[in-house]
Amino acid sequence: MNQDLAVFIVPFALIIGCGLLAAGGLYFINIRFLKDARYAVGSLVAGAVILGLLEIILYGSSVGFLKEQQLKTSLCEFDSENAHPEARQGANPEVIHSAITSCMKEAGYEWDGKHRNCKDAPVATNAFCYIPIASFDRAITGFQMNFE
């Protein structure tokens with residue numbers, strides 16, 4: 001999810017999540033806005049889930065998941081070009097490609113050329129050509145890549 005969409009969603013999710021947590025918590029100190037204890041527990045759980053998702057949205061839109069992948073790709077490109085200055089001059093560009101892909105593999109990413117942005121430019125410096133190996137990161141990054 002990009003930063004612009006996160007800025008729109010965050011205030012509403014924060015109000016709804018905190019409201020649900022407050023309504024559920026107040027029930028148990030005898031301030032009854034809800035019908036019974038089952039609704040109070042449901043309200044507490046729903047509020048916690050919303051705030052948990054909000055945390056993922058905030059982290060993912062600023063420094064994590066896809067943004068981190070783009071940063072790692074740039075760092076791998078920088079390191080690879082510094083390690084092989086002769087390849088930057090055009091001597092053997094395949095050396096830099098393999099150095100970047102191996103650096104990304106060490107960082108926890110694998111080559112995956114299925115994204116439409118990667119199909120347009122299947123080069124090692126394209127962050128959309130990689131996907132995280134870890135399953136949770138893969139799920140969130142895949143979700144974010146759908147919006148790009």
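A residue counts as buried when its relative accessible area is under 20%. Thr 73 has a relative accessible area of 1%, so Thr 73 is buried. The model shown here is predicted.

**Thr 73 and its surroundings**
- Thr 73 sits in helix α3, which covers residues 66–83.
- A polar atom of the Thr 73 side chain lies 2.8 Å from the backbone oxygen of Gln 69.
- Leaving aside residues up to four places away in sequence, Thr 73 touches Met 104, Ala 124, Thr 125, Asn 126, Ala 127 and Tyr 130.

**The buried face of helix α7**
- Helix α7 spans residues 135–145.
- Its buried residues are Ile 140, Thr 141, Gln 144 and Met 145.
- Viewed down the axis of α7, these buried residues fall within an arc of 140°, so they line one face of the helix.

**The salt bridge**
- Side chains of opposite charge can pair when their charged atoms come close.
- The count of salt bridges in this model is one.
- The side chains of Glu 110 and Arg 138 form a salt bridge, with 2.5 Å from N to O.
- This pair links distant parts of the chain, 28 residues apart.
- Glu 110 belongs to strand β1 (residues 109–111), while Arg 138 belongs to helix α7.
- Glu 110 has a relative accessibility of 34%, so Glu 110 counts as partly exposed.
- Arg 138 has a relative accessibility of 31%, so Arg 138 also counts as partly exposed.

- Phe 28 lies in the loop between α1 (3–27) and α2 (37–62).
- The relative accessibility of Phe 28 is 47%, so Phe 28 counts as partly exposed.

**Cys 103**
- Cys 103 is part of helix α5, which runs over residues 93–106.
- Partly exposed residues fall between the buried limit of under 20% and the exposed limit of over 50%.
- Cys 103 has a relative accessible area of 21%, so Cys 103 is partly exposed.
- Cys 103 and Ala 48 are 55 residues apart along the chain, and their C-alpha atoms are separated by 38 Å.

Terms used
Residues are numbered from 1 along each chain as its sequence is written. This is a predicted model: local features need pLDDT of at least 70, side-chain atom pairs count only at pLDDT 80 or more; totals for chains, interfaces and linings use all residues. Side-chain values use heavy atoms; hydrogens and water are left out. Helices (H or I, at least four residues) and strands (E, at least two) are DSSP runs, numbered from the N terminus. Buried means under 20% relative accessible area, exposed over 50%, partly exposed in between (1.4 Å probe, protein chains only). A polar contact is a pair of N or O atoms within 3.5 Å; within protein, one must be able to donate a hydrogen and the other to accept it, and residues adjacent in sequence count only if both atoms are side-chain atoms. Contact means heavy atoms within 4.5 Å. The arc is that of the directions from the helix axis to the C-beta atoms. A salt bridge is a side-chain nitrogen of Lys or Arg within 4 Å of a carboxyl oxygen of Asp or Glu.
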